[in-house]
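Reader: I have a few quick questions about this one. Can we go through it piece by piece?

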Amino acid sequence: MADRPVLGLVLAGGKSRRMGRDKALLDHDGQSQLAYLVELLNGSVDKVFVSTRPDQENDAERSQYEQIVDRYENLGPVAGILSALHEHPEVDWLVVACDLPNINEQPITHLLQQRDGEQPFTTYISSHEGMPEKLCAWFRSGRVSVFYSVGET
């Protein structure tokens, strides 16, 4: 699997409506949750980007990092993932949502060890839904196919 670079993507483009405050700015042992996750991923990937909405691009916290700005609207975290896959199709992506406060190096390392170049993604299965957890996953660019349509066909 060393044939392709792996980049990190911290999904930090949410509106935090239910929480009522920006999850990326939550305190995590004296630093923001966003800073914690960027630092965490930096130890495992070649480079880390922060996924943002267009209106967050100049945000004081997010602007400290290299960003991938969402190309799609109203898709939630999938907009960030698709934007990253589009922006850098020649690499693979380790994606982590900024609202995972208890994540540490172990699940990141495990995901990277389990990735398979024949599969489009590697992820954990949600204990709540039994479905793949797209917010903590490895995606192989060029192997993920998505059809996205706006308006009527």
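Author: Let's start with Arg140. In this predicted model, Arg140 is found in strand E8, residues 132-140.

Reader: Is Arg140 buried or exposed?

Author: Arg140 is buried. Its relative accessible area is 10%, and the cut-off for buried is under 20%.

Reader: What does the Arg140 side chain contact?

Author: Asp92. A polar contact of 3.0 Å joins the two side chains, Arg140 and Asp92. There is also a network of salt bridges that links Arg4, Asp92 and Arg140.

Reader: How many salt bridges does the count come to?

Author: The count comes to eight salt bridges. One of them joins the side chains of Lys23 and Asp99, at 3.2 Å from N to O. That pair links distant parts of the chain, 76 residues apart. Lys23 sits in the loop between E1 and E2, and Asp99 in the loop between strand E6 (92-97) and helix H3 (105-114).

Reader: And how accessible is Asp99?

Author: Asp99 is partly exposed, with a relative accessible area of 34%.

Reader: Which residue does Glu66 bridge to?

Author: Lys47. The closest N and O atoms of Glu66 and Lys47 are 3.1 Å apart. Glu66 is partly exposed at 42% relative accessible area. Lys47 is partly exposed too, at 35%.

Reader: What about Asp59, where does its salt bridge go?

Author: To Arg62. The closest N and O atoms of Asp59 and Arg62 lie 3.3 Å apart. Asp59 counts as partly exposed, at 24% relative accessibility. Arg62 is buried, with a relative accessible area of 1%.

Reader: Switching to rings. How many aromatic pairs?

Author: The count comes to two aromatic pairs. In one of them, the rings of Phe121 and Phe139 have centres 6.2 Å apart. Their planes are at 40°, so the pair is tilted. Phe121 is in strand E7 (residues 121-125) and Phe139 in strand E8, so this pair links distant parts of the chain, 18 residues apart.

Reader: Are Phe121 and Phe139 buried or partly exposed?

Author: Phe121 counts as partly exposed, at 38% relative accessibility. Phe139 is buried, at 8%.

Reader: Now helix H3. Which residues in H3 are buried?

Author: Pro107, Ile108, Leu111 and Leu112 are buried in H3. Seen down the axis of H3, the buried residues fall within an arc of 135°, so they line one face of the helix.

Reader: What covers the buried residues of H3?

Author: The cover includes E1, helix H1 (33-42), E6, E7 and E8.

Reader: Which exposed residues are on the face turned away from that buried side?

Author: That face of H3 carries Glu105, Gln106 and Gln113, which are exposed.

Reader: What caps the N-terminal end of H3?

Author: Asn104 does. One of its side-chain oxygens lies 3.0 Å from the backbone nitrogen of Gln106.

Reader: Last one. Where is Arg17?

Author: Arg17 is in the loop between strand E1 (6-11) and strand E2 (27-28). Arg17 is exposed, with a relative accessible area of 67%. From Arg17 to Asn102 is 85 residues in sequence and 21 Å in space, C-alpha to C-alpha.

Terms used: Residues numbered from 1 in each chain as written. Predicted model: local features only at pLDDT ≥ 70, side-chain atom pairs only at ≥ 80, totals over all residues. Heavy atoms only, no water. Helix = DSSP H or I, 4+ residues; strand = E, 2+ residues; numbered from the N terminus. Buried < 20%, exposed > 50% of the residue type's maximum accessible area, 1.4 Å probe, protein only. Polar contact = N/O pair within 3.5 Å; in protein donor to acceptor, adjacent residues only side chain to side chain. Phe/Tyr/Trp six-rings, centres within 6.5 Å; stacked < 30°, edge-to-face > 60°. Salt bridge = Lys/Arg side-chain N within 4 Å of Asp/Glu carboxyl O. Arc of directions from axis to C-beta. Contact = heavy atoms within 4.5 Å.
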